[in-house]
Each structure stands twice: as C-alpha cells, then as structure tokens.
Amino acid sequence: MAGAAAEERRLATVVESWLGRPVLVIGDAMLDEWRFAESDRLCREAPAPVLTLRRRISAAGGAANTAVNVAALGGRAVLVAPVGADVAGDELHDCLDRAGVWDRTVAQPGRHTPVKRRMLAGNQILLREDSGDPDDALDTDGVDRLLTALECATEELRAASGGEAPTLVVCDYGLGALPAPVRAWLVAARDRYATIALDAHDLADWRGLAPTVVTPSFAEATRLLARAAARTDSHLHLDHPADPADGPSELSVGTSPGASGSPAAGAPPGTAAPPPGVPLDRPTGVTGEPTPGEDRVAMTGDGLSVTGTGVTVNARAGEGVDRAVLAESRLAELRAHTGADVVAVTLDTDGAVVGGADGTPRRSHSTPVPASHAVGAGDAYLAAMTLALAADAPLPTAAQLAQLAATITVSDTGTCVCRREDLLGALGVRGGDAGHPVLVAPGELSAIVEAQRGAGRSVVFTNGCFDVLHPGHVRYLEQARALGDLLVVAVNSDGSVRRLKGSDRPVNPVEDRVALLAALACVDHVVIFEEDSPAGLIEIVRPDVYVKGGDYPPEMVPEAPLVRRLGGQVRTLGYVPDRSTSAIIDRIRAHSQPTSDQPTSQGPGQVDSHARPAPVPGRSA
C-alpha cells in the first residue's frame, strides 16, 4: 500500500510539473459530429432502420482534439491549422474556445473543414460520413498565411512562457494541412522547439524532422517498415498514390487475402521467409506505397504484410505471436527509419509498446471497449506522452501516464478528452487544485495556496488531533468545507498529541489518522505539524476562513487574533452531541472492565488495558 501510494504521488508530481507548459499543435484539424438516434422500425423502401434524431454533439477532432487534450491536461495549447470558412469551421472555433485552446487557425475560403459525422442508434455506430477532400490542396496564399500563423504562434508561446522554447506536436493525417513547404519550414525550424511529437499516417514524409517521439498505430508502423523494405528492391515500381483520407488511429487490423498458411502475403508458393529487412520477390506493378483502400495489416507466422502491396517485413517471430511481440521486435528499426528518440506503437485495445534509446521495450495495457468509446483516445495518449516528455519525465513514467490518460477517457461514446483532474483522480489525487496529493508537507502549502488564490478560490483551514475519527468529525469537516473552495486540515503529530492530551494518547498513530482524513471527499489536503499550536501553518496558509469546533464564541479561539490580522475570519462549529473521541475511548474502556467471574490473570502476549492512566475529564478530540 505504501509503495503504491508513493508511486501515485511520483506520477502526480509529473502531472503537476507540466502545468502551463507551452505546446504548439499543427496539422489536420477536423470536426467530429455525433448524431444519437432511436429506431424502432424498418423502412418500407429498404431493409434499413428508420431513425429519429434525439441529440447532436460536436467536438474537436484530429489535431484540434490533440490541442484540446493538451489544454485539458493543463498545458498551454495553441492550434495552427487550415480551417474552412464554413459552418463546420465556426463550430470548431467554438469547441476550441470552450476548451481554452488558443485558436490560431487560418480560414481558407473555398476549402471545406473536414468533418466526420457518425450516426448512432443504441450507442451503436450505424454509419460514418466523411467530408473534406485531401486532394483540395492549399493554394500559395493559403500556404503563406499558414506559415505566417506558425511563425507568430511560435513566438507568441515563447513570449508567454518567459522565453522558454515551446513544444511542437505535428498531426499529419493526410488531409492536406501540411504540404511540402510547411513540412520544410518545420524541419528547418527544428531547433526552435524543445520537444517534438509526431503522429502521422505517412511517417516517411517526416524523416528529416528528427522528432522526440512518434506514436504510430500498428498499421502505420508496419506500413513504414514495408515501404523501407520495398525501397531496397530496384525492380519495384514506386508510385505514390494518395493515402486514404482518414483521421488518426482509425486503420483497422485484419488478415489480408492469401496471408493465412503462406510464408508471406504475395509470396509465390513454397517461398521461404527471407531474413529480416529483405523483401520478397513480388509481381510486376506492386508498389511500395499504400494503395487506395489499403487499411489492413496481415499477420503471418513469419512477419507482417501490408494489404495491397504484397510486401512482408519478416520478424522471425514464429507462429501465434501477437502484435505486441512483433512491434517490440522492430522498435529499433522504427527508431532508425523515423529518426525519433522514442517510438510508441499504439495497439488500440491492446495498449502500446514503447521503445527508447536504451533498447528496452516497455509494454502497457488497456481495457477493451466498444469502438465508439475509443474515438480520439490516441489524441489523449499523444497529449499526455508529449507533456510528460516535455517535463523531462523518464520514458517509463511518460509511457505509464500516456496509457492511463488514454484508458480513463474511454468510458462513454464520443470523442475522448482526458482532463487533468480525471488523470490525477485516477492517481488518487483530489482537491480543488487537482495538482497535489492529498497529504502534503508543510513546505508545499505556500505554493498550493498561492495557486488557489490565483484562480480566485477561497481557502478554509482547521486543525485537530482527530484521534478516533467518528461521525461528529465527518459532519464538522463537511460543514467546514462548505465555507470555501479548499479545505486544509492540519493534524497534530503523535508527540504533539501526547503533550496536549496525556501519555495514553493518541490511540491511533498519525499515519492512520491522516489516511482516514485523506479518504474523506470533503478534505482537500492534510498536513502534519509537530508544534502544539498551528500558528506557524496559519501564517503560511493565511486562511480566508479558520474553523474550530466547539460551542464557544469565535473570540475565545486562541488563534483568532492571528487569523484576523492576516485578513481571515474565524468560525466555530458545534460538535455533534455524544460524539467525542474521549467519550468513545471511555466507553471502550468501560466495556473492557473485568466482571467478578472473569479471570484477571494475563496470558502470554496479553496486555492489561487497565494499566493505562484514566482519561482526563473534559478532554476532547
């Protein structure tokens, strides 16, 4: 338990450290539209359901959703992307504004904003309609304005962060937002960005970027390896048909025709599998680039095959090997082909495989969910991975946080967004600041309170021994929390309790006392203090409201003059009758008194509870 709590706190510290980190996102922005309908009959004209529209939701998609996730996780996100001057573009602007993303998109008259419209009945996706033509390239003026926006956004972020180099995230989904001049600008400006993350359908287009991290899907990684193998064959005709116009992480995995039972798809019968990296002979006319409709990756006993190309990259993995093992075996090659420091191959419901310069593969797992729940989960993964690496987190930590961010977003139908408070909540952190664990050290209070006041929140402070937690305490703390936005509870150390209440107290050690307090939903932070008085902590916290328990007026509270001098107010809250720690301890001891027919002798290992001093009358928790 202690080890798990320490690990959660370590991860939460990383999330805290990336707060406000500047991130520039550029790429294919789109609008996700969800139409929820009901159906109770079939159409007379065709065997199709008749749908009654009940609800419609619009959300940022593609690069725009990556920017939304960066902002939701606590980064300072700026989006640069071409957007159509149309209704969908207006809705996308609204989505960005609501999410707190700095909208630096560039309107492109005559160009449509890409939209993915999904029609659902009973949370089942019945169809998806895509609009936005990838062949509708930006004209010269559009490219110039996009480069100007990119330059200005880079400098804007640098200025806003006190000269700190921003992080760059490139989202290239083949929808025309990143033509060759823009790619060339980004490669030339590589040194202007501290960390660069790349998510692209065609990773080969970005070899010169030398990104910090790439996050291909299993299909995209396989495609890159297949092309690399194909380009070593001088007999191949290398055309460059357009990639299928699809959004991020939506390539499906399956078995290509002819893959089963053969050494590799496209290989002549009886052909033995070649060594790793050496391509098979292929029929004339097969290309090393994706063909229209290519969207599947074949898994054979010997390697990987891309449907439509007939190219196999041999992994020498043997029969029955899963995608994770195959991906792990090719991480070094993927790093070499992309020039990336880190490669994270995402495996949708199977999690991810991550590799860095140390050559050690790291496996993370996810929980299988319906496909309609996982739309955009890759964007959450990319955002968290990028922020963690930008905050100099170790790779295992970054991979762990990225997988957690993707996993906790897939609980419902819709475009996935991971919020900072949800990620910290999954790490056991609660509270109005959502940036620190519940149990904090005295030295951490100043930063916590400063951040809260900067956000316009009020701070409530109380203190006590809380030796035996009971309903009176819970009601008291709930009432205290209702007086402000953040409740900080200071707890006397064991030595302090002994000095105040006698040598037989505390009944419970401070570790147990703070653990119970931290588990209460109304408590935001718990801090332990060694002194007999909380005056030192009060001066640090400068509470807006200081709360004490008791039926006496606030003027009788010893700390009242200090609190008022610091600008706060004092409130006293009455205890619940017959609910005090001393009364509970007295009842326990009364029940433990031996009767005349009970033996008083002690056996081995037994302790005489009567050896303790009697409780001092009038003392309470």
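Which side chains meet in a salt bridge with Arg128, and at what N to O distance?

Reply: The model is predicted, so local features need pLDDT of at least 70 and side-chain atom pairs count only at pLDDT 80 or more, while totals for chains, interfaces and linings use all residues. Residues are numbered from 1 along each chain as its sequence is written, and side-chain values use heavy atoms, with hydrogens and water left out.

Arg128 meets the side chain of Asp130 in a salt bridge, at 2.6 Å from N to O. The term stands for a side-chain nitrogen of Lys or Arg within 4 Å of a carboxyl oxygen of Asp or Glu. Arg128 is partly exposed at 31% relative accessibility, and Asp130 is partly exposed at 36%. Here buried means under 20% relative accessible area, exposed over 50%, and partly exposed in between (1.4 Å probe, protein chains only).

By the salt-bridge rule the count comes to 23. Among them is the pair of Glu155 and Arg192, at 2.6 Å from N to O. Glu155 belongs to helix α4 (residues 140–160) and Arg192 to the loop between α5 (180–188) and β11 (196–200), so this pair ties together parts that are 37 residues apart in sequence. Helices (H or I, at least four residues) and strands (E, at least two) are DSSP runs, numbered from the N terminus. Glu155 has a relative accessible area of 36% and is partly exposed; Arg192, with 22%, is partly exposed.

Another salt bridge joins the side chains of Asp358 and Arg362, with 2.6 Å from N to O. Asp358 is partly exposed at 48%, whereas Arg362 is buried at 18%.

Now the rings. Aromatic pairs are rings of Phe, Tyr and Trp (its six-membered ring) with centres within 6.5 Å; planes under 30 degrees apart count as stacked, over 60 as edge-to-face and the rest as tilted. The count is 1 aromatic pair. Phe461 and Tyr546 have ring centres 5.9 Å apart and planes at 25°, so the pair is stacked. Phe461 is in strand β19 (residues 459–464) and Tyr546 in strand β22 (residues 545–549), 85 residues apart. Phe461 is buried at 0% relative accessibility, and Tyr546 is buried at 0%.

Charges also sit over rings, meaning that NZ of Lys or CZ of Arg is within 6 Å of the ring centre and within 35 degrees of the ring normal. The charged end of Arg118 lies over the ring of Trp34, 4.8 Å from its centre. For Arg323 over the ring of Phe218, the distance to the centre is 5.6 Å.
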